[in-house]
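Subject: Structure handed over, with notes

Hello,

Here is the structure for you to look over. My notes on what was found in it follow below.

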Amino acid sequence: MKPARVLVLMHESLVPPASLKGLSDKEIDEFRTEYDVKAALEKAGHEVRALGLGDNLAELRSIVTDWKPEVAFNLLEEFQGIVTYDQYVVAFLELMKLPYTGCNPRGMMISRDKALSKQILSYHRIPTPGFAVIKKGQRYRLPRKLKFPLFVKSVTEDASLGISQASVVADSDRLKERIEFIHDQTNSDALIEEYIEGRELYVGVLGNERLRTFPVWEMDFGTLPDVMAGIATRKVKWDRRYQKKHGIRTGAAQNLPEGCAAYLDKLSKRIFRSLYLSGYARMDFRMRPDGSVFVLEANCNPNISRGEDFADSALAAGIEYPALLEQIIRVGNNYQAAWRADEE
């Protein structure tokens with residue numbers, strides 16, 4: 001696409017420096033996505049401005065009015081310290097008639113509410129683990145249909161917040177403790193679901209009306225399952241020393257059962273459309289040893305830094321990182337053109 005004025009939205013604490021010289025990997029990891037996106041867009045010839053948002057939209061309104069960007073590249077994961085509030089920033093962009101990348105507000109709301117999204121998936125007969133929601137401040141009774149072991153997490157938090165080895169529980173006492181922990185630490189309702197033992201698979205999806213999926217990716221937990229449950233905790237996802245210790249890595253899924261890749265392709269597109277997503281997303285699955293597949297969740301606006309699952313799986317499909325960002329912008333613009341046409 002031709003060079004454009006691109007406004008990159010991010011949290012105010014994640015605005016990257018002009019250079020990474022002298023910084024450690026740990027320091028860089030904090031703003032790696034923001035740096036990668038901004039640097040790649042600038043190298044492609046776009047005029048780029050990074051805007052860090054904290055708790056108000058005044059500066060955003062001002063820069064949209066005065067600078068007149070042609071598209072906003074949305075990298076926000078929260079607003080005012082609340083994960084689910086970033087959807088309101090996107091809604092504000094729509095009110096300002098500014099095209100943006102990534103998911104629309106409705107899709108963000110639905111996919112971020114894990115209980116609601118699982119209800120919708122169940123309605124569409126898309127296989128997902130049995131579940132129940134335990135509301136904060138209410139007494140509960142474990143539904144008889146759910147069988148141990150169970151997995152406990154927040155209904156709304158993402159990025160593995162609140163997930164640890166203690167999230168997998170095998171009895172009622174541990175379940176009670178973990179539910180109370182989620183209520184207290186995340187200040188949200190708790191979602192309990194049947195724990196699916198097996199391979200963890202990811203599928204990246206890009207597009208709006210016409211969807212493209214990338215090769216199936218897999219989280220290899222290395223030696224971790226020998227000593228504890230193989231689950232994607234924050235340490236598994238972000239701690240480099242922990243990853244090295246256990247040989248944890250991600251890569252193209254190997255030796256999948258015949259027809260599995262095609263099934264995941266079709267299933268990922270069904271999930272994307274069922275949850276009203278747009279732009280790009282990553283679907284997380286678990287596959288049991290018998291080959292049965294369950295969707296764990298749909299992640300709108302997943303991590304798109306270089307070397308992460310989404311970008312690497314796109315690269316395996318022949319899409320270099322700069323081209324991936326261009327396509328993300330293009331499908332964002334196409335989505336905006338579609339809803340503007342509907343209004344007219």
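I will start with strand β7, residues 190–194: 4 of its 5 residues are buried, so the strand is largely enclosed by the rest of the structure. Please keep in mind throughout that this is a predicted model.

Strand β7 has a partner on either side in the sheet order, as the pairings show. Strand β4 (residues 131–134) is joined to β7 by 4 bridges, and the two run antiparallel. In that pairing, Ile134 stands opposite Ala190 of β7. Strand β5, made up of residues 150–154, is joined to β7 by 5 bridges, again in an antiparallel arrangement. Here Leu150 is the residue opposite Glu194 of β7.

These strands belong to an open sheet of 4 strands, with antiparallel pairing and the order β4-β7-β5-β6. Which strands stand at the edges? They are β4 and β6 (168–169); each has a single partner strand, so one side of each is left without a neighbour in the sheet.

A parallel pairing is found elsewhere. Strand β1 (residues 5–11) and strand β3 run parallel and are joined by 4 bridges. Leu9 stands opposite Asn74, a residue of β3. In β3 itself, which covers residues 71–74, Val71 and Phe73 point one way, while Ala72 and Asn74 point the other way. Both sets of side chains in β3 are buried.

Next, the helices. Phe272 lies in helix α11, which covers residues 260–274. Is Phe272 buried or exposed? Its relative accessibility is 1%, and because the cut-off for buried is under 20%, Phe272 counts as buried. Leaving aside residues up to four places away in sequence, Phe272 touches Val205, Gly207, Leu211, Leu277, Ser278, Gly279, Tyr280, Ala281 and Met283. Thr233 is 39 residues from Phe272 along the chain, and the C-alpha atoms of the two are separated by 24 Å.

In helix α12 (residues 309–316), the buried residues include Asp309, Phe310, Ala311, Ser313 and Ala314. An α-helix has 3.6 residues a turn, so residues three or four places apart point the same way. Just after α12 comes Gly318, with a positive phi of about 95°.

Last, the protein as a whole. There are 13 helices and 13 strands. For 344 residues, a compact globule would have a radius of gyration near 20 Å, and the value for the protein is 20 Å, which agrees. The C-alpha trace spans about 60 × 45 × 45 Å along its principal axes. Of the 344 residues, 49% count as buried. The accessible surface comes to about 17100 Å², and carbon and sulfur atoms account for 48% of that.

Contacts between residues at least 6 apart in sequence were also counted, and 68% of them join residues at least 24 apart. As for charge, the protein has 48 positive and 48 negative charges, and their mean positions are 3 Å apart.

Regards

Note on methods. Residues numbered from 1 in each chain as written. Predicted model: local features only at pLDDT ≥ 70, side-chain atom pairs only at ≥ 80, totals over all residues. Heavy atoms only, no water. Rg over C-alpha atoms; globule rule 2.2 N^0.38 Å. Buried < 20%, exposed > 50% of the residue type's maximum accessible area, 1.4 Å probe, protein only. Contact = heavy atoms within 4.5 Å. Areas by Shrake-Rupley, 256 points an atom, 1.4 Å probe, with all protein chains shown as cover. Lys, Arg positive; Asp, Glu negative; His and termini not counted. Charge placed at Lys NZ, Arg CZ, Asp CG, Glu CD. Pairing = 2+ DSSP bridges.
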